[in-house]
Amino acid sequence: MTDSIRFILNGEDVSLSVVRPTETLLDYLRLRRRLTGPKEGCAEGDCGACTVLVGRLIDGSLHYESVNACIRFLGSLHGTHVVTVEHLAAKDGTLHPVQQALVDCHGSQCGFCTPGFVMSLYGLWLSTDKPSRAQIEKALQGNLCRCTGYEPIVKAAEQVSAARPSALFDPLEKSRADIIGRLWSMQTDETIVVVSGKERLLVPGSVAALADLLAEEEDATVIAGSTDVGLWVTKQMRPLNPVIFINHLKELQTITAGETGFTIGSGVTYSRAFSALAAKVPALGRLIDRIGGDQVRNMGTIGGNIANGSPIGDTPPPLMALGATVKLRSIEGLRAVPLEDFFIAYGKQDRRPSEFVESIFVPYPLEGSHFAIYKITKRRDEDISALLGAFHLKLDDAGNVADVRIAFGGMAGTPKRARTVEVKLLGKPWTEATVEAARPAFDADFQPLTDWRATAGYRQLTAKNLLLRFYLETAGAPQELRRFAEAEV
Ligand SMILES: Cc1cc2nc3c(=O)[nH]c(=O)nc-3n(C[C@H](O)[C@H](O)[C@H](O)COP(=O)(O)OP(=O)(O)OC[C@H]3O[C@@H](n4cnc5c(N)ncnc54)[C@H](O)[C@@H]3O)c2cc1C
Ligand code: FES
Ligand code: FES
């Protein structure tokens with residue numbers, strides 16, 4: 001057992017034996033280290049003013065990703081390299097090419113948003129040679145400016161792509177081999193326990209150690225990417241003690257595409273899941289592109305989205321429509337629960353305190369089936385769903401509905417199947433008349449609430465209309481109607 005959190009901050013090795021379980025990286029940087037480049041704009045992962053890069057070893061190589069320091073806890077950083085905007089310029093004050101491009105293209109704006117834009121563009125520049133406009137826009141989804149325009153910032157990203165990372169001027173390229181060596185020396189399979197007064201944070205060295213800890217610590221809060229839990233702390237001021245960090249556990253970070261479906265480790269982040277899922281089920285890839293910004297996708301996990309049990313989590317409805325199963329691990333062994341049975345009621349999941357989500361098995365769409373996801377939000381990017389519908393339909397040779405699974409988020413206290421609607425469709429010819437006859441059945445399946453995202457009436461009508469949209473997209477509807485229906489997810 002060890003008792004300190006060790007990481008590299010810019011060029012310096014840090015070892016902390018006093019860390020509160022919910023101390024954020026942003027507070028540490030600004031208050032304890034006076035690194036005030038990263039700003040606190042929203043403290044909820046939305047604005048990107050606090051963006052820093054975190055480097056970690058994956059299969060022996062070093063990868064840097066942008067994250068929101070405001071909702072990232074210090075205890076989750078063991079064995080990583082934290083890079084703030086202060087690290088970019090040379091010692092003589094020469095700006096980094098990313099910074100210089102922002103100056104040249106008039107993309108440098110106020111002191112609040114600019115450091116975050118710099119770090120997001122820097123993360124993109126490190127990972128992507130000659131990014132397309134779409135890739136640049138995606139990298140900036142998680143950085144908000146409320147006053148001016150994004151065009152000069154996009155231009156700066158295009159301009160800087162000509163200067164590729166080189167050990168001649170880039171601080172991370174210069175130090176890459178050295179940082180890898182230092183990070184290796186920090187890796188441990190021992191459990192880390194940091195005690196600060198009456199508070200404790202725990203970092204298990206393995207999945208087996210995690211199971212042991214949860215058997216002993218029934219009140220512990222498990223933290224994966226902290227993109228939900230972070231807000232419990234920064235917005236609701238909830239005390240959490242003890243906490244168990246799991247985002248480093250490699251055993252939870254594998255995603256495998258088997259014969260019949262994916263097995264997704266609960267610790268796989270959205271960013272890491274993207275290419276595997278998008279290759280087999282493009283609609284899932286398009287959905288991931290609309291979850292948060294890059295910073296949130298680099299931290300948040302599908303396991304957390306499920307374990308959280310939110311009625312408006314985006315991944316449960318499509319995974320339920322595909323027939324996914326949750327695998328729960330404890331010292332007593334493994335238990336598999338169909339995802340739709342995992343959600344019992346609002347805030348109540350079929351998970352014992354000693355269990356954690358180990359993985360999710362997601363079958364591929366049925367051969368020859370239609371599968372669609374519709375996320376309905378007030379703005380396209382970085383917005384939480386008012387409702388989300390997932391449709392999975394298989395027709396027989398005669399054009400009748402042979403199999404159908406429909407699931408919605410935002411329509412009930414949990415993500416939920418539209419079972420009455422499904423019964424109305426099953427065995428019937430896939431025609432507009434069948435769909436029209438089934439639409440009223442949504443009233444039996446769902447009694448949605450009114451909140452600031454949408455009224456109950458809007459939700460109900462939209463759900464019914466999404467069934468019609470799915471029909472139009474799948475049934476060879478007249479061209480003008482299909483164009484209307486085929487707007488992006
Ligand atoms: C700016 C922003 C935008 C967002 N946009 C979206 C969006 O568009 N769509 C969406 O669905 N969500 C969105 N979210 C919410 C969040 O990103 C997701 O719910 C995410 O999947 C949570 O995963 P996490 O790893 O960060 O979970 P955490 O915050 O670490 O944990 C969430 C919950 O799950 C539990 N938990 C986590 N992992 C496990 C495990 N393996 N076993 C047992 N319990 C576990 C935790 O104890 C906690 O109760 C957004 C969040 C932010 C901050
Ligand atoms: S302060 Fe807004 S995302 Fe962190
Ligand atoms: S928030 Fe910085 S210029 Fe708009």
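## A hairpin to start from

Strands β12 and β13 make a hairpin, with two residues between them. Strands here are DSSP runs of E with at least two residues, and helices are runs of H or I with at least four, both numbered from the N terminus. β12 covers residues 325–330, while β13 covers residues 333–338. The two run antiparallel and are joined by six bridges; strands count as paired if DSSP finds at least two bridges between them. Within this pairing, Leu328 has Arg335 of β13 as its bridge partner.

Before going further, please note that this is a predicted model, in which local features need pLDDT of at least 70 and side-chain atom pairs count only at pLDDT 80 or more, while totals for chains, interfaces and linings use all residues. Residues are numbered from 1 along each chain as its sequence is written, chains are lettered from A and ligands numbered from 1 in the order in which they are written, and side-chain values use heavy atoms, leaving out hydrogens and water.

## Two faces and a second partner

In a regular strand the side chains alternate between the two faces of the sheet. In β12, the covered face holds Val326, Leu328 and Ser330, and the uncovered one holds Thr325, Lys327 and Arg329.

β12 also pairs with β16 (residues 356–363), in the antiparallel sense and over five bridges. Here Arg329 has Phe356 of β16 as its bridge partner.

## A look at Phe361

Phe361 sits in strand β16. With a relative accessible area of 21%, Phe361 is partly exposed (buried is under 20%, exposed is over 50% and partly exposed is in between, using a 1.4 Å probe and protein chains only). Leaving aside neighbours within four places in sequence, Phe361 is in contact with residues including Phe262, Thr325 and Lys327, where contact means heavy atoms within 4.5 Å.

The chain is divided into domain 1 (5–86 + 173–245), domain 2 (97–168) and domain 3 (370–488), with bounds from an automatic or database domain assignment. The C-alpha centres of domain 1 and domain 2 lie 25 Å apart, and 17 residues of domain 1 are in contact with 18 residues of domain 2.

Between these two domains, about 1400 Å² is buried, and carbon and sulfur atoms give 66% of that area. Buried area is the accessible area (1.4 Å probe) that two parts lose on being put together, summed over both. In domain 1, Leu53, Val85 and Glu173 lose the most area to domain 2, together 34% of what that side buries.
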